[in-house]
Structures are given as C-alpha cells and as structure tokens.
Amino acid sequence: MVMTNTAPTTAPTALASVTLEVADTEAARRFYTAFGVDAYVTLRATDTPTTGFRGFTLGITVSGPATVDGFFAAAVDAGATVLKPTAKSLWGYSGVVQAPDGTIWKIATGAKKDTGPDTRRIDEIVLLLGVEAVKATREFYVERGLTVAKSFGGKYTEFAPGTAGPVKLALYKRRALAKDLGVPVDGTGSHRVVLGTTTAAFTDPDGFTWEAA
C-alpha cells in the first residue's frame, strides 16, 4: 500500500468518525442496530475489491463478562461469525466476531469475574489499525497533531481521545493484530474503512484513508 505525500496539516487532526464500506448498507444497518453499536459507525456502499485480513479491528470495552456475553450473543444472533469464542485470558475476558460485511469486532473486559448483570453499556470503542511500523506511523500521526496517550515502543500506541468523535484510535503491529484476532495476516485490496478527520484529507503510510468529516 502506497503512502500519499501530504504536508502536515496546520490544525491538529482528530478522529471524528468511522465509516465502514459495505456491499449492502441496509443489511449492515440491521446488523449493527441489533449488535448495539450503530451509534459508533456510519455505513457507505462500495464494491471495491478486498480479500483476507483488512488490517484493522474495532474493539469494544465493557464493564464485565456478562456484558461481553451480551454483546457477543447479540452479534452472533444477528449473523456474525465467531472467530474466537468468549474466554478468560491473562488480560481479562473477551471474544472476537466477524460481522457479515467482513469487519472484525473484539468485545472485551479487564474483569475476569462478574460483579453484576449485563448492562448493555459500552465504556469505550477503539479503532485499532494494524500497521507495519508502529513507530513510523505514530510519528506520522503526531506530526498531524494527535497526542500519544500510551506507547509501548514499536508494539502499540494509543492516542488520546478527542471531542470530535466517539471512537479512540490506536496502532498495533499488523501481524500481532491478526494473531490476536485469530485470522491469517494476508490481505489485499481495500481496507473497507474510512476515517473522518477534522482537517484535510490524507492517507497514512499503511494506506488507511482519512476524509474530511
């Protein structure tokens, strides 16, 4: 994927929206409404070719295992494919599903035991981009005004949330992200996701497109 040569913007970039490009917008809208995340993404029709891993995931963070199970079951009932069943891990409790449009979602909590019932409340949604070089891509975004909130060398970067939109942005090694999701790393064609920006349009080093929101 080729980077577009774009000069740094004069105003700080912020993630204002996340648009998923899908083959059938009505079917996707029904799925995301049933899943309970329709307020966090917008949909746009496309027939742009794409195969394999698209290089990103959307992660939902919730309060406890019961809520993970609730969102997981809602996604599966609405037609999602299970990539990883819900299970405890070193970091908490999580499961991974793939929406009918191909977007991969990870639902997780840091808690391993329930302290209450399913709240159906989302604490945070993170758009996690799988990139080839975390450090280089981090610097690319810092030059455009994003603020780093967490950074673990060349493995992971999380940017501070802005007020422009409800989704947080983070970077992870593409190969490590595919492994975490339980899918092969190979993929070609469109990412099928467009990031809305508060500034001018640009394309990052891994081919993720930002458009004026």
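Author: Helices are DSSP runs of H or I with at least four residues, strands are runs of E with at least two, and both are numbered from the N terminus. The model is predicted: local features need pLDDT of at least 70, side-chain atom pairs count only at pLDDT 80 or more, and totals for chains, interfaces and linings use all residues. Residues are numbered from 1 along each chain as its sequence is written, and side-chain values use heavy atoms, without hydrogens and water.

Reader: Where is T103 placed?

Author: T103 lies in the loop between β6 and β7.

Reader: What makes T103 buried or exposed?

Author: Buried means under 20% relative accessible area, exposed over 50%, partly exposed in between, with a 1.4 Å probe and protein chains only. T103 has 1%, so T103 is buried.

Reader: Which residues does T103 touch?

Author: Contact means heavy atoms within 4.5 Å. Leaving out residues up to four places away in sequence, T103 touches L20, Y32, R54, F56, L58, V97 and Q98.

Reader: Why is the link between the side chains of T103 and D101 called a polar contact?

Author: A polar contact is a pair of N or O atoms within 3.5 Å; within protein, one must be able to donate a hydrogen and the other to accept it, and residues adjacent in sequence count only if both atoms are side-chain atoms. The T103 and D101 side chains make theirs at 2.6 Å, so the pair falls within the 3.5 Å cut-off.

Reader: What makes β5 and β9 edge strands?

Author: Two strands pair if DSSP finds at least two bridges between them. The open sheet has eight strands in the order β5-β6-β7-β4-β8-β11-β10-β9, with mixed pairing. β5 (81-89) and β9 (148-152) each pair on one side only.

Reader: How do you know that β9 pairs with β10?

Author: Four bridges join β9 to β10 (residues 156-159), and the definition asks for at least two, so they pair. They run antiparallel. V148 stands opposite F159 in β10.

Reader: Which strands does helix α2 touch?

Author: Helix α2 (residues 65-77) packs on the sheet and touches β5, β6 (92-98) and β7 (104-109). Its direction makes about 10° with that of β6. Axes are lines fitted to C-alpha atoms, for helices over the stretch in contact, and angles run from 0 to 180 degrees between N-to-C directions.

Reader: Why does the chain agree with a compact globule?

Author: The radius of gyration is taken over C-alpha atoms, and the globule rule is 2.2 Å times the number of residues to the power 0.38. For 213 residues that is near 17 Å; the chain has 17 Å, so the two agree.
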